[in-house]
Amino acid sequence: MNIAEKMQTQLKEEIKAAVLKAGLAAENEIPAVILETPKDKAHGDYSTNMAMQLARVAKKAPRQIAEIIQENIDLSKGSIEKIDIAGPGFINFYMNNSYLTDLVPSVLAAGNRYGESNAGNNEKVQVEFVSANPTGDLHLGHARGASVGDSLCNVLEKSGYDVTREYYINDAGNQIHNLAVSVEARYFQALGQDKAMPEDGYHGKDIIDMGKELAEEFSDKFANMTKEDRYKAFREQGLKYELAKLQKDLADFRVKFDVWYSETSLYENGKIDEALDALRQNGHVYEEEGAVWFRSTTFGDDKDRVLRKQDGTYTYLTPDIAYHKDKFERGYGKVINIWGADHHGYIPRMKAAVEALGINPDQLEVEIIQMVQLYKDGEKMKMSKRTGKAVTMRELVEEVGLDAVRYFFVMRSGDTHLDFDLDLAVSQSNENPVYYAQYAHARISSILRQAAEQGLDVSADADVSLLTAEKEIDLLKKVGDFPQVVAESAEKRLPHRITNYIQELASAFHSFYGAEKVIDKDNEVMSKARLALVKSVQITMKNAFSLIGVSAPEKM
RNA sequence: GCGCCCGUAGCUCAAUUGGAUAGAGUAUUUGACUACGAAUCAAAAGGUUAGAGGUUCGAGUCCUCUCGGGCGCGCCA
């Protein structure tokens with residue numbers, strides 16, 4: 001348990017004890033004590049709404065109850081400096097700051113492990129994200145999904161979950177057929193032959209490049225094959241090429257998947273049939289008009305869904321059901337899918353399928369990432385993957401820089417439509433929030449470098465009780481918040497909380513920096529105390545950056 | 001037509017999932033560099049939380065309706 005948590009537990013117990021002592025309510029009538037950190041620090045370090053909650057039970061006015069609680073609280077037991085009653089009945093606690101002296105040494109000792117907690121109890125969680133079809137370049141929406149998904153995974157890991165990052169490769173189905181014939185057309189075009197692109201083909205630049213590369217490497221080898229062999233070859237080559245590109249682009253984006261899961265493998269190892277059988281055995285499957293249906297309406301879906309088409313092939317849903325069945329069989333307590341908003345209509349049927357397999361559908365969570373709109377020169381840019389007129393993730397990173405892209409995407413909660421202003425993101429000015437935070441880290445690094453040159457080392461036994469100035473206390477408290485911010489970010493699946501926190505931490509540091517001088521030749525004891533503080537800020541900042549996949553530069 | 005999501009400062013977004021006077025960045029205005037990094041700090045100004053009802057001690061947050069925007073609604077994936 002970290003220091004802030006300890007404080008809060010202690011305080012909660014003392015509040016409960018006071019309520020009991022005053023006879024305001026019986027033990028079983030007391031609601032769980034809720035502690036909040038007031039937005040306005042003039043309202044103390046913590047506040048509770050206990051008095052309002054007890055109004056009904058105690059049959060007294062909230063403010064009166066608050067006064068009674070106040071009288072019965074043991075200040076020293078709760079490490080409380082002062083108690084105020086405010087507003088409709090809030091009880092505000094001003095804590096004794098002496099606990100903060102323990103904070104700095106504990107952060108220094110924890111190092112890059114600072115922020116960890118065991119909130120997740122080592123539960124196995126699987127997160128599937130991006131999972132773009134291997135038929136073209138990753139674009140803006142995927143970049144958002146990759147940023148948010150990877151950050152969520154990091155935050156979950158830091159909070160004590162056992163996380164698996166997974167990418168589902170849609171290497172079966174119609175789109176791969178279209179890929180094969182698109183590659184074929186580009187190949188012949190590269191050989192100088194006039195070959196029209198198919199109606200549903202992929203017009204991306206990457207396919208043109210692939211056609212050229214194949215023509216260079218293999219010359220007219222494919223042209224001389226039988227039609228069947230040629231199709232097979234292009235299918236294979238296309239997949240290989242696209243998959244390699246996806247893996248490289250994501251690796252360059254600092255996203256590392258543990259598992260690349262092939263849809264085709266489900267066809268080959270019989271898992272689709274197993275899943276179908278399971279659904280059938282549970283009585284959720286029927287035949288009609290020559291097709292096999294899943295009665296998903298039993299579980300709240302709008303309409304029943306086809307599993308096997310009249311022509312005998314499966315719909316997209318069927319292998320996906322098998323995939324999800326397999327996920328749970330691998331022992332994950334929680335399965336999280338991060339999907340683009342264009343797939344939200346797919347949620348009810350997937351949940352229905354999970355439930356029909358006898359699994360609690362609450363174990364499947366689907367996080368929807370809203371669409372990204374790109375603006376350039378103040379105008380909306382039209383994008384279409386089919387015609388190849390999309391800005392790719394790679395281009396975006398080349399233009400904007402990886403740190404800024406990742407920061408920008410994690411900065412916003414996933415459930416709002418995002419306008420990405422290309423001109424703003426590109427600008428290397430202070431308009432770009434990522435620099436504000438990175439600058440704080442660089443500044444700290446610079447201070448530490450200079451201190452070292454002057455023979456001042458950071459040591460854990462510095463007398464941090466000297467840190468009593470307002471800005472120092474604010475900064476200490478902010479550092480102390482970190483583990484809980486991480487845990488909450490994980491629990492609520494809101495990785496953007498981390499960037500909010502980074503901004504606050506950076507702001508607290510810059511403000512402190514403006515008010516107090518760290519290295520003071522005439523006061524070595526104070527210098528050492530502040531150096532220890534600054535070092536703990538640096539550790540926290542760096543750990544926070546690493547959660548969102550952004551670098552913490554020592555110089556800029 | 002039906003379903004899901006969104007609507008908060010000029011702009012881009014937060015808001016401890018029902019808490020106090022709705023906050024940051026940016027843009028605007030003012031002040032601070034012979035200063036450990038001015039990519040910074042200090043301050044001012046900026047709001048009927050799209051609108052109308054309702055629920056309760058208390059609503060940006062929950063419910064109903066209206067308006068506006070996005071995305072879905074296939075034996076495509």
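Axes are lines fitted to C-alpha atoms, for helices over the stretch in contact, and angles run from 0 to 180 degrees between N-to-C directions. Helices (H or I, at least four residues) and strands (E, at least two) are DSSP runs, numbered from the N terminus. This is a predicted model, in which local features need pLDDT of at least 70, side-chain atom pairs count only at pLDDT 80 or more, and totals for chains, interfaces and linings use all residues. Residues are numbered from 1 along each chain as its sequence is written, chains are lettered from A and ligands numbered from 1 in the order in which they are written, and side-chain values use heavy atoms, with hydrogens and water left out.

Helix α5 (residues 140–158) packs against helix α19 (residues 524–547) at an angle of about 130°, and their axes are 8 Å apart. The two helices are therefore oblique to each other; angles under 35 degrees count as roughly parallel, over 145 as roughly antiparallel, 65 to 115 as roughly perpendicular and the rest as oblique. From α5, Ser 151, Asn 154, Val 155 and Lys 158 meet Asn 543, Ser 546 and Leu 547 of α19, where contact means heavy atoms within 4.5 Å. These residues comprise two nonpolar, four polar and one charged. Ala, Val, Leu, Ile, Met, Phe, Trp, Tyr, Cys and Pro count as nonpolar, Asp, Glu, Lys and Arg as charged, and the others, Gly among them, as polar.

## Helix pair α14 and α16

Between helix α14 (residues 402–411) and helix α16 (residues 433–453) the packing angle is about 110°, with the axes 9 Å apart. That makes α14 roughly perpendicular to α16. On the α14 side the contact uses Asp 403, Ala 404, Tyr 407 and Met 411, and on the α16 side Pro 433, Val 434, Ala 437 and Gln 438. Six of these residues are nonpolar, one is polar and one is charged.

## Strands β11 and β12

Strands β11 (residues 334–340) and β12 run parallel and are joined by six bridges. Val 335 has Leu 364 in β12 as its bridge partner. The chain passes from β11 through helix α12 (residues 347–356) to β12 in a right-handed β-α-β crossover, meaning that, with the strands pointing away from the viewer, the path from the first strand over the helix to the second runs clockwise.

In β12 (residues 364–369), five of the six residues are buried (under 20% relative accessible area, with exposed over 50% and partly exposed in between; 1.4 Å probe, protein chains only).

## The three-stranded sheet

An open sheet has the strand order β8-β9-β10, with antiparallel pairing; two strands pair if DSSP finds at least two bridges between them. Its edge strands, β8 (285–288) and β10 (305–308), each pair on one side only. From one strand to the next the twist averages 45°.

Strand β9 (residues 291–294) pairs with β10 over three bridges in the antiparallel sense. Val 292 stands opposite Arg 308 in β10.
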